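I opened a notebook on this structure and wrote down what I looked up, in the order in which I looked. The entries follow the display.

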Amino acid sequence: MPQAWPPVAPFWRWRQIPPVSAAAAPAGPLDPAFGLIAAHRAAAAAHLVALEEQARLEEIGDLGADGIAEGPCHAEMAAFNDLIETAPVTFAGLVAWSSYLDEIEPWMFEERGPTLVVTLVEALGNLAVAS
């Protein structure tokens, strides 16, 4: 298993927040965070499958293999951007959202840190309004 980089856990991994299922969301409109998590998870899985297929084709010398993963890569990044740009509206959604973000490779946040902070502030504001 490859070792993660950086070897020291980033700040968002210092405290673990237990995952929450969609069933834990209160009655009323479902928090969009759950659908966005599912969409990103599916897009990331499709991207991984495309990368594996691209590697397989490259091994057998297929000259057209290098573009196989481009579409799924863009789809995963679009789902990621939607995920970090949409603030959860419930506490359960916020916990699920932040727990899921902890599963994502840290390099994906390198250029999106400010967006993530703005979304978190908006999510906390949503909770303050709801209470």
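Entry 1, T119. I began with the contacts of T119, where contact means heavy atoms within 4.5 Å. Not counting residues up to four places away in sequence, T119 touches I84, E85, T86, A87 and W97. I found T119 in helix α4; helices are DSSP runs of H or I, at least four residues long, numbered from the N terminus. T119 counts as buried because its relative accessibility is 2%. For that term I noted the cut-offs: buried is under 20% relative accessible area, exposed is over 50%, and partly exposed lies in between, with a 1.4 Å probe and protein chains only. The side chain of T119 also reaches the backbone oxygen of T115 at 2.9 Å.

Residues are numbered from 1 along each chain as its sequence is written, and side-chain values use heavy atoms, with hydrogens and water left out.

I looked up pLDDT, the predictor's confidence in each residue, from 0 to 100. The protein chain has a mean pLDDT of 82, and 76% of its residues reach 70 or more. Over residues 3–28 pLDDT stays under 50, and the model has 28 contacts beyond four places in sequence for them. Where pLDDT is low, the predicted coordinates should not be read in detail.

Which residues does W97 contact, leaving aside its neighbours within four places in sequence? I listed A33, I37, L83, I84, T86, P88, L116, T119 and L120. W97 is also among the residues with the most contacts inside the largest nonpolar core, together with L83, L101, I104 and F109. That core has 19 residues; a nonpolar core is a set of buried Ala, Val, Leu, Ile, Met, Phe, Trp, Tyr and Cys residues joined through side-chain atoms within 4.5 Å. At least two residues of this core come from each of α1, α2, α3 and α4. The largest share, 6 residues, is supplied by α3.

I found 1 aromatic pair in the structure. Rings of Phe, Tyr and Trp (its six-membered ring) pair if their centres lie within 6.5 Å; planes under 30 degrees apart are stacked, over 60 edge-to-face, and the rest tilted. The ring centres of F80 and F109 are 5.5 Å apart and their planes stand at 70 degrees, so this pair is edge-to-face. The pair links distant parts of the chain, 29 residues apart: F80 is in helix α2 and F109 in the loop between α3 and α4. F80 counts as buried, at 0% relative accessibility, and F109 also counts as buried, at 7%.

The buried residues of α1 include F34, L36, H40 and Q54, and their cover includes α2 and α3. After α1 comes G61, whose phi is positive, near 85 degrees. Is D66 buried or exposed? D66 counts as exposed because its relative accessibility is 58%. I placed D66 in the loop between α1 and α2. D66 touches Q54 and E58, not counting residues up to four places away in sequence. The C-alpha atoms of D66 and Q54 are separated by 6.5 Å.

Key:
Predicted model: local features only at pLDDT ≥ 70, side-chain atom pairs only at ≥ 80, totals over all residues. Polar contact = N/O pair within 3.5 Å; in protein donor to acceptor, adjacent residues only side chain to side chain.
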